Amino acid sequence: MPSEGIEEDEWGAYVTLRRTARTNAGSPTGRESYGDGVPVVAAGVTTCQGGRESRPQGEEAQVTGYPTTGRYAKCRLPKTVLGVLRERGRRKLPMNELYRQLFNPQLYLLAYGRIYANKGATTPRASGETVDGMSRDKIDRIIDAMRHERYRFSPAKRVYIPKKNGKRRPLGLPTWSDKLVGEVIRLLLEADYEPTFSDRSHGFRPRRGCHTALTEVANTWTGTTWFIEGDISDCFGSLDHTIMVSILAETIHDNRFLRLLESMLKAGYLEDWTWNATLSGCPQGGVTTPPTQ
């Protein structure tokens, strides 16, 4: 059954597209018997949910294998893709083809729309790259690197901000391209994991925050007298990469996606223009930061 916000024909179209991609794929990679998930058009006609689409036309169709209009374009809408992931997450089904979603330019456009106005988007990071150089060509280059598993995360620039107790908190500032890719990854992970999180968790989640937490306290915890505040010491800096990836692997059965996440964790950081390895932990301040749920 389609999840909320997905039309019946979108769900069937997406499932048909995934089956087509599995059986009619391009050149195989590694031990996989299928290719990169791009449907191959045969006999001048492709189908999606029983419909008929003419052969893709134009440069984009030749490069991506997808028509720019019609049902296949509709199958790739972020609403459809993320909706299917949410439904699979709600049903606790494994994610087998998550890496292929990184080939969808629509997801990068959605990610761009969410982060381009953020504070610091025009601030040069370690590479000097900012949002000002954003273009569709840049998205195409990122997708091409993803297809060939050539995308490499750059070291994050480390800065320090003061804490209330007088100490300083380290923040990692990724480059703009890494930030864009990180937002796409965050969208995919959030869609999959959000339905599984506890209703009692209100931190760093969509449509949740301090106000929803206070509302629950006022309406539910009416007999509570004491509340104890707790914090994990050096939480972000002490996360074990192997344990993090193994936890994700319980749900994500896609080695390419897991390798990408691992490479992001091990990209290192620059402090005073000196590269430092990240043997553990995750940069606090990045887009794809481990949730606290």
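For the first stop, a nonpolar patch is a set of Val, Leu, Ile, Met, Phe, Trp or Tyr side chains joined within 5 Å, each from a residue with over 30% relative accessible area and no salt bridge. In this predicted model, select Val217, Trp221 and Phe227, which together make such a surface patch of about 280 Å². Val217 is found in helix H8, residues 210-220, and because its relative accessibility is 31%, Val217 counts as partly exposed and passes the cut-off of over 30% for patch membership.

Now zoom out to the whole chain, which has 11 helices and six strands. Of its 293 residues, 40% count as buried, while the protein exposes about 17100 Å², with carbon and sulfur atoms supplying 52% of that area. Among contacts between residues at least 6 apart in sequence, 65% join residues at least 24 apart.

Which residues have the most contacts inside the largest nonpolar core? Select Leu102, Tyr108, Met146, Ile185, Leu188 and Phe257, which hold that place in a core of 43 residues. Helices H4 (78-90), H5 (105-115), H6, H7, H10 and H11 each give two or more residues to this core, and H7 supplies the largest share, 10 residues. Centre the view on Leu102 and, leaving aside its neighbours within four places in sequence, you will find it in contact with Tyr108, Ile143, Met146, Val184, Ile185, Leu188, Phe257 and Leu260.

At the N-terminal end of H11, show the side chain of Asp254, which caps the helix through a side-chain oxygen 3.2 Å from the backbone nitrogen of Arg256.

For the last stop, select Ile115, which lies in helix H5. Is Ile115 buried or exposed? Ile115 is buried, because its relative accessible area is 3%, and buried means under 20%. Beyond its neighbours within four places in sequence, Ile115 is in contact with Ala121, Trp176, Lys179, Leu180 and Glu183. Finally, draw a distance between the C-alpha atoms of Ile115 and Leu180, which are separated by 7.8 Å although the two residues are 65 apart along the chain.

Terms used. Residues numbered from 1 in each chain as written. Predicted model: local features only at pLDDT ≥ 70, side-chain atom pairs only at ≥ 80, totals over all residues. Heavy atoms only, no water. Helix = DSSP H or I, 4+ residues; strand = E, 2+ residues; numbered from the N terminus. Buried < 20%, exposed > 50% of the residue type's maximum accessible area, 1.4 Å probe, protein only. Contact = heavy atoms within 4.5 Å. Areas by Shrake-Rupley, 256 points an atom, 1.4 Å probe, with all protein chains shown as cover. Polar contact = N/O pair within 3.5 Å; in protein donor to acceptor, adjacent residues only side chain to side chain. Patch = residues over 30% accessible without salt bridge, like charges linked within 9 Å, V, L, I, M, F, W, Y side chains within 5 Å. Salt bridge = Lys/Arg side-chain N within 4 Å of Asp/Glu carboxyl O. Core = buried A, V, L, I, M, F, W, Y, C linked by side-chain atoms within 4.5 Å.
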